[in-house]
Amino acid sequence: MTHRAETENPAAGQLRLLQRLKQAIPEADLEELAALLRLDLRPAPSSLRDTPPPLEPPPPLRPEPPRGSLKPPAYPPKEKTVPFLYLARTEWKTPQENTQTLPDWYETTPFFEGRIDSPQPASLRAPESLLSWSALWPVLHALFRTERRIPRLDVATLIDHAVKRRPLKRLPWQRKRRWPQEIVLVVDLSRHLAPYVRDYEQVALALKQWFHDRLKIILCHDSELQLFEYDGAIWEGLPPGLANTRLLYLGDLGLLDRRGLSTAQYIEWGRELRRRNIQAHALLTVSPVDCQAALARDFDLFSWDHTGLHPITRFTEDHGGVSAQSRAQAEEMLVLLSHAIEIQPALVRQLRIERGYGVSVESLVMQHPALKGHAVHLQWRDTKTRENYRQRLDALEVDKAWLWRLLKGHEAHLPLELQIEQRQQLGEALTDDQITYLRRLTRSFRDKTLDRAEEDMLIGWIERLARRAGEERWQQALIPLYALYRRQCGKSEHCVTPQGVDGTRLPQWIMGAAQSKQPARLLQKGAQLIAVAASAPREKGSQELARFTWSDGAEYNLRTAEGSHKAPLWLDQPIELSAVPTAIEINTADQRLILETITRPPWATGIGRDRYGLFVEVEAKGVPFVLRWIPPGEFMMGSPPDEPERSNSEGPQHRVRFAQGFWLAETACTQALWQAVMGENPSKFKGEENPVENISWNDAKRFIEKINRLHPGLELRLPSEAEWEYACRAGTTTPFWFGSELTTDKANYDGNHPYANGPKGEYRKKTVPARHFQPNAWGLYQMHGNVWEWCEDAWHDSYQGAPEDGQPWKTSGVQEQAVLRGGSWIRLGRPLRSAFRAPARRDFRNVYFGFRFARGPELKPAQPAGAGAASGQPERGTSEADPKPRRRR
Amino acid sequence: MNDISLQTFLENPVVELDPCPAWPKRAVHHFDRQQAIAILASRAVKRPLLIRGEPGCGKTQIARAASQVMRMPLATLVVNERTETEDLFWRYDALRRLSDANDPKAGVKDEKAYLSAGPLWWALDHVSATEYRGTHSSEPYLGEGASYDNGVLLLIDEIDKADRSVPNSLLEALGNYSFEVPYIGERITCQDLDRAPLIIITTNEEQELPPAFVRRCLVLDIELKDEDFVDTLSARGRALFPKGFDDEGIYRTVAEQLLEKRKALRNAGETRLPGQAEYLDHLEAVLAMKQYDPDRKEKDLVDELARLTYRKFERP
């Protein structure tokens, strides 16, 4: 047995079963019993922690990426097609209310009376007749009447002759229209005609009353096999002894049979009828468009629908099977039925008639492979199929209220459980009876000792409900029962987690003790995702996708092109990615993280991921530079009051939350790039890889305007102060990202003036190349020192009233001054601190002023666009008045 | 419930199967430890036992023998490609009903007359099933000493013959021990979980079963391993035909021949291999021929009949 088989049969449930087996048959060895469950008990690789999996390089998400691309992308990255998973957005949830106390209704609700049993079956409702007998018989009479002489003289004709004095050659007898002496009735009972059987029966019974034993009934049990029952025997083909008579056929002449061969059989059968001089009329529960001309030769054809019996005389061209029109109508019917739990002929007929579809549709729907069950009692084959149909409901533009009214009309035939399920799916409010029923179940389940069978029944029902549920929010009244189910599930992987329930917000009066939380990291290892405690040792070959706070009830939702899969998220339990996900959502008590996939954007020349995270390579005028993805998240901006050498402008410390990530240049803008774009280089300390300096805020804005004009779609901008500090800290809270101690081998500043009495060091008296020194945890170089970096914001000497969403703060403050961050090669170590900020006039140039640029976030279509972002066209430059037109305000 | 334990099986591993209407031939079943454990386990955790193995390796026999040892009535559904899930629950004679409806003398009778309880119905609730014998009765076979008090053994034979949808739709009914009968608007459930039916399902693996279905079952694989092949078969042959041959070695000779044949066919890439059924046929044929021709050497007869026995495995 392989390791794979073991992951398919997740240990928990199977092991519990094994335990029960061992108790029941103590004499048997554990291995013998395990074999019955196809479990492998060998100690081999049982857990991932014992034996690290083979070192799998990053992102093999694509089914078959070329071998080389599996290696960590080398710099500069050139891989273009592999999608990378990355943390795109974060949402913070409002804190959970206290749900420890029992709800008001709890104590007053009595226990469920009697035994909890599986749902009662739906009762069968007969469909309305297509046509009443009174509407049918005149047509049949007209069809079958024959004129016959009756033994009474036609007095009127006699008189007429007498008056006109014409000689009488023959005595005129009265004639009268009458039913023929005998009729052969053929009723087709093939399985696919089940929706119409009541109509056939109605005609058969009425004719029987009329003809008594002059009606000869033949039952066709299977039209493809041409099995006919007549006079107590089964015949293959037309029974012998019938000739020179009239025949009425009720059925479809095989036209609706999915198997498709029946009609050919009936054409043959029609020839036989003709040979035997039997005149055949066929009442077909088939729309005229689905009829085939070949049948008209030997049958007199009628289409039988609620509007009447219509002779079929015109045929659409031979389509060899059911017409596209009827098939399309059947598909639409299924879309309309996608909210129905139980599909019966009565419902199908009513819906079809109200939508004005042809009569064929009933059979086509009832034998559709998307449905399963008995011929007249159908349910959806599986949730996925139904979901596929349901997604098309909006496109049909039906009146939801109408649909609900119709389904409600059939609700009385459903047991309470199915009624609740149906209302849940449609998002319709439950009735008081239904709510009381759920409350009583909840109370019994929580506080009463149910026997095993009852408990299984209840669990089974909730599980079915959950499995069949689509995206709809769960009814409030159903949530306690689901919570009980979830509690019962424990850590089982089979726990069904519907989209419409937030597993982290289940009522605590059921889930028990307060929710536990713990910092965690989400890792990707090859095609596997795994959440681990933040404190867990770093594993080789794994990539960190996000940091978050795990909580009880945490869930993940894996969305792929095929659909979505939601399940509880446990620490240290790997999640296999079998297909390329389009998005992964992680839902915890406090946050919702949204991971998306990204391939190389059109404005970049490469994309990759390394130990610092996701990055893109961009080229402007032949000069490459790198932008790093700064993931969404939150941090405390400013310095705590006890930080040494702090200034008052760094407070008050406040929380800033970035709901969306953004791109930030890996280094300060280099002289090579500036030269390429601007055609000149103002820097004092020349060096292609050194940062550009001696530029003002206005110069930086001009550069950005120009590079954006040269490269439509690039849309670079200056970072906000909050963005700068968030990126600089990269998750740290110390004065510098590397800790509290500043030395000159970590950053470029005047080593003669150390920070907080630290060690003295070298004074370089110039800039160094931008990629000098170690980058921080997010891969950003020299956030501390070398050159000051311009930010977008206007100067404020305190954070009082600062925005908390990380947007640049420009509406107030000293407009002619902008903010500089990060310190420089000249002077003290103190201004290098992450929190330090300094003002400077926008038109000031200095040999220690530089900048780095940011980009994004991408504008999400679901979010309201900011003013000015009227189209998806690249912005032509950015003006000072509206520096970030594509950002959300 | 009767107190059958593993010991019961191991002390008397050889069971002589009584002829019954469905299987009129005499047969002998030889329980081994794994089979006995599987049956007891299935009863204990109330999960169906899925027996897999090549045709003719004695899967069906296990169920018959178990019903006899455990004195359980035996309800059977032999599956074919036209079998629907409902066949296990009920059969409804719509044809009869319509023809009655059209017969002024007979008229439509009570619905009960057209509804026949299926094997699962009998297995879950034999009391109500007796009211619905209908025209296609699936009443279980009660062997000697068998009683409904011991629960019913439900044999679903050759499930792999059915349409793929059948196993999956069975899951719910077998899992809940209940199903609904639309015609009478009732739900048939297991009246007494202590007497829940023991469900044995066999498959020749002609088509692979849905994984969800297999997961819900306990699985017993009957494999004829080459090492034990000759021993196992000759023991079974000896048990069925105890004093048939002058030469005691015949049991082994025939088994060895069969093993050779199997190996040859397997090497040729065939998947359908001769097994226990062919072995017993071969022995029986030799026995029968011996009666007509008592002077022939048994060994010669064996060779002669081998050709007949294995012809069906030869490719034209």
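**Close-up views of a predicted model**

**View 1. Strands β15 and β19 of chain A.** Two bridges connect β15(A) with strand β19 (residues 575–576) of chain A, and the two strands run antiparallel. The model shown here and in the other views is predicted. In this pairing, A:Q528 has A:E576 of β19(A) as its bridge partner. Strand β15 covers residues 528–533 of chain A and is mostly covered, with six of its six residues buried.

**View 2. The hairpin of β14 and β15 in chain A.** Strand β14 (residues 517–525) of chain A is joined to β15(A) by six bridges, and the strands run antiparallel. Within this pairing, A:L522 stands opposite A:A531 of β15(A). The two strands form a hairpin with two residues between them. A:G526 lies in the turn and has a positive phi of about 60 degrees.

View 3. A:R547 belongs to strand β16 (residues 543–551) of chain A. Is A:R547 buried or exposed? Its relative accessible area is 53%, so A:R547 counts as exposed, the cut-off being over 50%. Leaving aside residues up to four places away in sequence, A:R547 touches A:A520, A:R521 and A:L593. A:V532 is 15 residues from A:R547 in sequence, and their C-alpha atoms are 9.7 Å apart in space.

**View 4. The eight-stranded sheet of chain A.** Eight strands of chain A make an open sheet with the order β7-β6-β5-β4-β8-β9-β10-β11 and mixed pairing. Its edge strands are β7 (233–236) and β11 (308–311) of chain A, each of which pairs on one side only. From one strand to the next, the twist averages 25 degrees. Strands of a sheet pair through backbone hydrogen bonds, in either a parallel or an antiparallel manner. Helix α5 (residues 133–144) of chain A lies across β4, β8, β9 (279–284), β10 (299–305) and β11 of chain A. The helix runs at about 145 degrees to β8(A).

**View 5. Strand β4 of chain A and its two partners.** Strand β4 (residues 183–188) of chain A pairs with strand β8 (residues 246–251) of chain A in the parallel sense, over five bridges. Here A:V184 stands opposite A:L247 of β8(A). Six bridges join β4(A) to strand β5 (residues 215–222) of chain A, again with parallel strands. In that pairing A:D188 stands opposite A:C220 of β5(A). How many of the six residues of β4(A) are buried? Six of the six are, and the strand is mostly covered. In a regular strand the side chains alternate between the two faces of the sheet. In β4(A) both faces are covered: one side has A:I183, A:L185 and A:V187, the other has A:V184, A:V186 and A:D188, and all of these are buried.

**View 6. Helices α16 and α17 of chain A.** Helix α16 (residues 432–447) and helix α17 (residues 452–468) of chain A pack at an angle of about 130 degrees, and their axes are 12 Å apart. This angle makes α16(A) oblique to α17(A). The crossing of α16(A) past α17(A) is left-handed. From α16(A), A:L438, A:L441 and A:F445 make the contact; from α17(A), A:E455, A:L458, A:I459, A:W461 and A:I462 do. The contact residues of α16(A) and α17(A) comprise seven nonpolar, no polar and one charged.

**View 7. Helices α20 and α21 of chain A.** Helix α20 (residues 671–678) and helix α21 (residues 697–710) of chain A pack at an angle of about 65 degrees, with axes 10 Å apart. The two helices α20(A) and α21(A) are therefore roughly perpendicular to each other. Their crossing is left-handed. The contact involves A:L673, A:W674, A:V677 and A:M678 of α20(A), together with A:D699, A:A700, A:R702, A:F703, A:K706, A:I707 and A:L710 of α21(A). By class, the contact between α20(A) and α21(A) has eight nonpolar, no polar and three charged residues.

**View 8. The five-stranded sheet of chain B.** Five strands of chain B form an open sheet in the order β4-β7-β10-β3-β11, with parallel pairing. The edge strands, each pairing on one side only, are β4 (74–78) and β11 (218–222) of chain B. The average twist from one strand to the next is 20 degrees. Strand β3 (residues 49–53) of chain B runs parallel to β11(B) and is joined to it by five bridges. B:I51 has B:L220 of β11(B) as its bridge partner. Helix α2 (residues 33–45) of chain B packs on this sheet and touches β3, β10 (198–203) and β11 of chain B. The direction of α2(B) makes about 165 degrees with that of β11(B).

Key
Residues are numbered from 1 along each chain as its sequence is written. Chains are lettered from A and ligands numbered from 1 in the order in which they are written. This is a predicted model: local features need pLDDT of at least 70, side-chain atom pairs count only at pLDDT 80 or more; totals for chains, interfaces and linings use all residues. Side-chain values use heavy atoms; hydrogens and water are left out. Two strands pair if DSSP finds at least two bridges between them. Helices (H or I, at least four residues) and strands (E, at least two) are DSSP runs, numbered from the N terminus. Axes are lines fitted to C-alpha atoms, for helices over the stretch in contact, and angles run from 0 to 180 degrees between N-to-C directions. Contact means heavy atoms within 4.5 Å. Angles under 35 degrees count as roughly parallel, over 145 as roughly antiparallel, 65 to 115 as roughly perpendicular and the rest as oblique. A crossing is left-handed if the near helix is turned anticlockwise from the far one by less than a right angle, and right-handed if clockwise. Ala, Val, Leu, Ile, Met, Phe, Trp, Tyr, Cys and Pro count as nonpolar, Asp, Glu, Lys and Arg as charged, and the others, Gly among them, as polar. Buried means under 20% relative accessible area, exposed over 50%, partly exposed in between (1.4 Å probe, protein chains only).
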